[in-house]
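I opened the notebook today to look at the ligand site and then at the aromatic contacts.

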Amino acid sequence: MTPLYRQLAEHYLGAIRAGTLRSGDRLPSVRRLMNDHGVSLATALQACRHLEDQGWLEARPRSGYYVRTARRGRLPPAQEPAELRPDPAAYVGIHERISSILERGQRAAVQVNLSLAVGAPALYPTTALQRSMQGHLRRTPAVLTTMARRHGHPALRQALARHALARGMQVAPEELVVTHGCVEAVNLALRAVTRPGDTVAIESPTFYGVLQVLESLGLRALEMPTSPATGLSLEALEFVLREGAPGGQRLAAVVVMPTLHNPLGCTMPDAHKQRLAALCSEHDVALVEDDIYGEMGDADSPIRPVKAFDRSGHVIHCGSLNKVLAPGLRLGWMAPGRWQARVEMLKYAQSRYVEELPQLVAADFLAGSGWPRHLRRLRAALQRQRHQMAEAVAAHFPAGTRCNLPDGGLLLWVQLPGGLSSERLFDAALAEGIKLAPGTMFSNSDRFGDGLRLCCGQVHGAPVEAALRRVGQLARELLGA
Ligand SMILES: Cc1ncc(COP(=O)(O)O)c(C=O)c1O
């Protein structure tokens, strides 16, 4: 249940976002909030303080709460794809490009890293996890010397199945397989439903890890037009499912990130998710859903995954605790639907079962009251940092820059003006100790050379602000040159 003060805060945040309340407007007085909404003084005050903490309101002495005037503006979102037809399917040859970018980043003396899609360690409940791990080791040291159970520890599968329920998914604990992160889940899913040479539809741009998996499995990628606002184009997908990919191949699978997409940050509307599940079922094609950011939306109300609309078992849902709870535990999971037996066999053949100690720690945390508290804190911090970062981009980057500001997660997707090469900007920034993720990492094509992914996982303090100011200057210099 969302606490009352948060419901009230969300109500007024909606009004600020919609422009009903503008910069400099006064929020109704605390007494008025109490009367209008039938809440206590404490609840009304807590709602105002929450919005103040988030940077949306400022308190003026003896006057009340006002919508902050200091916000530095918003940029227009990234452009919609020019073409609604997919590229011809192609074998992915991205490995060298990605490895070269990662290697250049590794060689540099990085001071401000804006490239990793992960939160700073301070955002995660280290002490609680540490205590839990120590407790398990003290009580059951045999966990170190006993073989792990098949397909995951029952306590973790139980906790994951319960949380899935809240997001509209009906999966029994035995229908889940615990994995080494989401990337293993996506690997297993694709191995279960494809053979080398098959064609797989993916979003364009997409998380570079998906491109690496396709390349390693010898699969052809069919890059589909993807809207920075609503995700994968269903018209384009429907056409390909009906007519075949350009060149005539039938699709073996579709890989999507329908919630808080990496790198675009967009979330598919529920109606699209429902249609996507129905299309894959109708055409008997596997849908691999990468839902790694599914719990990281700003609002308290759960975001439904495509799996919630799956009636035929065609959706292989892949999740992870690496972004939302503990990047160091490397725990992921999947609900393989109709491919469960094959996924279980492949998991066993590939890497056996996942270590139990991290699973016990995660299960403890997910089942306790610390989880909703942690989620609220994490979401609030990311929302604040994301907005601060978007404002800094608006203030410092050259005119014509566009920026997608998602309703959750860790990422901002920036489109540089004048066709500026983000890889040149990456090299120039890296020489000054600032690491970015250039758009060329996210596609097998050259279409996103002007894209840039930024991560807002760390506190937006002076070093991050200065780094973005400098990147903006470098972009201007490169444009001038
Ligand atoms: C969309 C997406 N999928 C999968 C992964 C990898 O997940 P994990 O670290 O859980 O293996 C990432 C990591 O950045 C990601 O952004």
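Which residues around the ligand come nearest? I found that, of the 13 residues around the ligand, D290, Y293, S320, N322 and K323 come nearest, where near means having a heavy atom within 4 Å of the molecule. I note that this is a predicted model, in which local features need pLDDT of at least 70, side-chain atom pairs count only at pLDDT 80 or more, and totals for chains, interfaces and linings use all residues. Residues are numbered from 1 along each chain as its sequence is written, and side-chain values use heavy atoms, with hydrogens and water left out.

I then looked up polar contacts, meaning pairs of N or O atoms within 3.5 Å. A polar side-chain atom of D290 lies 2.5 Å from a ligand nitrogen, and N322 has a side-chain N or O atom 2.7 Å from a ligand oxygen. The protein buries 91% of the 400 Å² that the ligand exposes when taken alone (Shrake-Rupley method, 1.4 Å probe).

Turning to the aromatic rings, I recorded an edge-to-face pair of W413 and F448, with 6.3 Å between centres and 65° between planes; rings of Phe, Tyr and Trp (its six-membered ring) pair if their centres lie within 6.5 Å, and planes under 30 degrees apart count as stacked, over 60 as edge-to-face and the rest as tilted. W413 counts as buried at 3% relative accessibility, and F448 counts as buried at 14% (buried is under 20% relative accessible area, exposed over 50%, partly exposed in between, with a 1.4 Å probe and protein chains only). I also noted that F207, Y208, W413, F442 and F448 form one aromatic cluster.

Definitions and conventions. Polar contact = N/O pair within 3.5 Å; in protein donor to acceptor, adjacent residues only side chain to side chain.
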